[in-house]
Amino acid sequence: MNAAVQLTEVRKVYGTGPGSVTALDGVTYGFAEGTFTAVMGPSGSGKSTLLHCAAGLDAPTSGDVHLVGRSLRGLNETALTELRRDHVAFVFQSFNLMPTLTVRQNVVLPLTLAGKSPDRAWVSEVIQRVGLGDRIRHRPSELSGGQQQRVAIARALAARTAITFADEPTGALDTVTALEVLSLLRDQSRAQGQTIVMVTHDPVAASYADRVVFLVDGRIVSETTRPTAESVAAQLAQLSSRSKVSP
Amino acid sequence: MIRLAFSSLRHRAAAFLAILVAVTLGSALLCAAGGLLETGLRLNAPPQRLAAAPIVVTGDPAYHPPNGSGSVAFPERQRVDAALVTKLAGTAGVAQVIPDRSFPAMVAGSKDVIGGHGWGSAALAPYQLIAGHAPTSGEVVVDAKLGPQLGDRISVIVNGAPQAVTVAGVAAAKVDLPSVFFADADAARLAPRGFDTVGVFPAPGVSPRELVRRLELPDGVAAYIGDDRGVAEYTGIATSLPLIIMSGVFGGMVAVVMALVVSATIGLSVRQRRRELALLRASGATPRQVRRMVVTETMAVGVIGLALGLLSGRVAGDWIFGMLTGNGIVPSQLRFDQGPLPFAGAALLTFVVLRTTVSFAAGRAARIRPIQALAEAAVPAGVMGRTRLIVGAVFAIGTGCIAVSTMFMSPVNAAAIGGPAGLTGSIAVAILGPLVIRSALVPRVTALLEKRGPSGFLAVINLRVRAAQFTAILVPITLASAIALGNIYAQTTQQKAAVEAYTDNLFADVVVTSPAGVTPGQFEELRSLPGVTAASELVRSKGWIEEPYDASHTSDPWPLLGLSGPVYKGKVREGSLDDLTGSTVALPPDAARKLKVGVGSELGLRLGDNALVKVKVVALAEGPDGYESLLLPSALLAAHTTTGLPAQVLLRAEHPDQVIAAAELPGATVGGRDVLGAGYDAGLGIDAWIGYLLAGIAIAYTAIASINTIAVAVLDRRREFGLQRLTGSTRRQVKAMLYLEHLVIAALGLVLGVLAAACAVLPIAVATRGWPIPSGSPWVLLGWIAVVLLLVLPTTAVTARLAMRPQPMDALSSPIG
């Protein structure tokens, strides 16, 4: 199987000199096509940075990133944007929505920007499935934090891109909606063959994925397939204690 | 993309309001400037008193320097030879010629000087008799507007002498300025020097244009048809240069100010929406798309503003032109021409300025990286690019250079070149803004602020960190202060310098002013009044030195001073002013040196009425630096002026009050020395008006720009205030912090504006008065400070209240931007 997203010896260092922070310390990993992967680790382990570099939102200090077989090295902003637009959807932790647009307009925004016409039926279905069918014409200021997050997820799904990155997508959601969203994501990867990379700290959310990757201090330390909530929780606890000891 | 642009417009109306108002005002004023330019180029003044004659022949109203560059209006009226009248009458195709002679006359009891003519020229208007009959010797026909009735015996002062006449008739015509008509023989006696104008009526079937081609006219005399005839009737419209210069300077400054305001506003708006624009980029918008969106939004608003401005362009033009005619800068009979061209030009210029400014701001927007959407803290990078530093330094140094070089220029040039110093200084501030703000936070200042408690601490930190945002407020205040103060004080300084130069050079304890002229007999009367130690007539005019050719005073003629007594204060280096009689002249020593002439040389002077006279140099007399005059005998100079007689008499006396009480002359006013400078038209008319108009624009623009930027900047910090209140600040403490921040910016803007203005004004003071102290009321400065504070503080108060209206928690969770 090809890797939809391939990272090779990716390092990301912020700042210079004594005050510099190494967020990623030589990560090599391939996210296979059609898989649903959860990225977990203690806080400060570099999870969000990994996502940003993998999605082409941030340039690594060294190392290489390949998306759908194409290298991101040396691409200018416009080329990078076009690559992302066609193949990548991103759900941020917060501040996902354009405040001046309605829910519907936000959901189809990436498609509008790419100049593609949206599949109306699919868009409506997606909005329904995240539970915002009655809020289509509302603006972000009229929605709660959790509802805003759901719009962002709907946007990622509506685009039906090859790859979706999600940074703590269920963080602000209630249990029922969270599970609904997670099954949506799983369906997308199983039925549609989308590659989904999700950062989470919630073992229950991780259990919906095909595999879980554990990140500590900017390095991938272990990997599990066919995760369950209990096994994931146990591994996390182990990691946390270990990272306390490491220099 | 377009839809996105419009949706963001709808939700950010406030931010774009400033751009709308700035562009509307700017384009309306550019239309007005364009109208002035067109008027200056066309110079259409439809004749009134000469309206009936299709062709008007008169002396060329403009002097063309022999080296051929440009033309200057003659200060005095020229005469037309009587022989020419006969020749014109005899030309084929001419049905009739009516010569006209004009002389100043005053109806006793009124203060206005009107035109006196022979009855023959009444047909040129044409005047229609509505009562009575044509005048015979000793009679007059008056314009109905003047008042006297049929049969009244009135006194009309001509050449200083009252003429007792009976009103034989009353006539009316469509003219603004009334006239009084004497019998032709009387008129010839009162104004023996000849005709001013000849009205030519073509025979039936002959077109005026064709006839003009056939007329053989001597040098210095020209024929006019249509609306150009106004040149013969009104003075002061012979050349277009003042109007053209004014429209250029005015239009240019309006364009620059508009560009600065728009760029500051868009810059602020882009900076605020950084996160939103970054999100757009993360959602898949390419840099080009983001750029296009910013450009579309702003151009949409700009185009609306442009349309509104064009619609108000006529109103703006009429208003400004009205101010010019109302204050005598241009004659009111000059028709204000504002055809389609000024509007087209204004639209084009506004569009170009807008588009260029927007491009720069949009460029910045396009460079936003998607990762910035994720940054929690909305604080921009503090480092300024190298290019920006260099460009800013160039402007700052340039300002200094202009300031220094202006000090060494002549007064006229100093005024023209010094003005831009204020502008370049402001641009330097705009470019180096954040750096300037941070450098202003010296320990002294910060200590002062921190004494005010936690609000002070926070204010200092905010100023330092958000220097880029505060620049948007600093720029309009600096710019407006520089323009307003610079222009006003430059004008007052120059006025003072010109008046001083005029009066400091003459001894005068008593001044007698008679607009209709002082006859030699009346002069002798005044001279022999008890207590008078010395007396002199005073004639003022302008002229050129043609032999040898003096290139130093061509478009700007030499001031000529006619004297007949020992009242000149300037030091005489060679020769003696006692010899100033007959056909003689006294020069400033520097001019004599440059022309390589000395006492005893002969010069050819072109006087104000186009006459060339030969004069002998009898003295070299110094005058005030930059305001030197040529001295001539008053009898010689007066003969070549419009009135023909001196208008003032200066008397020296031990006890001026006694003399003032004793002196009496029909139609004249007698005053002390202060009268000498009071009525002096410093000749700065147009420049002063540009100055005051620009100060007015500056105030308007500051108001718009600073209110808008303060409001937008404060409202944007809603979340920050919410956080502050949650961590323990009261509303009042937050407001105190805001007041301190904005006071610092206002004070900094004022200081920088005054500095920039000083770069313009102090050199002018040095160039015109000799030392770097400008003159003018200190109230102007104080008033300006009050205006700035009145704009900044209430705006801060109102927007702070609006920003803190929601509960802190709600403010925290509101989406940013």
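Analyst: Strands here are DSSP runs of E with at least two residues, numbered from the N terminus. The model is predicted, and the features below are computed from it.

Start with the cis peptide bonds of chain B. One of them joins B:A125 and B:P126, with omega about -5°. Its proline, B:P126, belongs to the loop that connects β6 (114-118) with β7 (128-132) in chain B. Another cis peptide bond joins B:E547 and B:P548, and its omega is about -5°. B:P548 likewise lies in a loop, between β15 (532-547) and β16 (558-563) of chain B.

Chain B also has a bent helix. Helix α16, residues 467-504, carries a kink of about 30° at B:I473, shortly before the proline B:P476. The rest of the structure largely encloses α16(B), because 32 of its 38 residues are buried.

A:E168 is not a glycine, yet its phi is positive, at about 50°. This residue is placed in the loop between β7 (163-167) and α7 (175-192) of chain A. The cut-off for buried is under 20% relative accessible area, so A:E168, at 13%, counts as buried.

A:R226 is also a non-glycine residue with a positive phi, of about 45°. The loop holding A:R226 runs between β10 (219-225) and α9 (229-245) of chain A. Exposed means over 50% relative accessible area; A:R226 has 75% and is therefore exposed.

Note on methods. Residues numbered from 1 in each chain as written. Chains lettered and ligands numbered in written order. Predicted model: local features only at pLDDT ≥ 70, side-chain atom pairs only at ≥ 80, totals over all residues. Heavy atoms only, no water. Bend = angle between axes of the 7 residues up to and from the residue. Helix = DSSP H or I, 4+ residues; strand = E, 2+ residues; numbered from the N terminus. Buried < 20%, exposed > 50% of the residue type's maximum accessible area, 1.4 Å probe, protein only.
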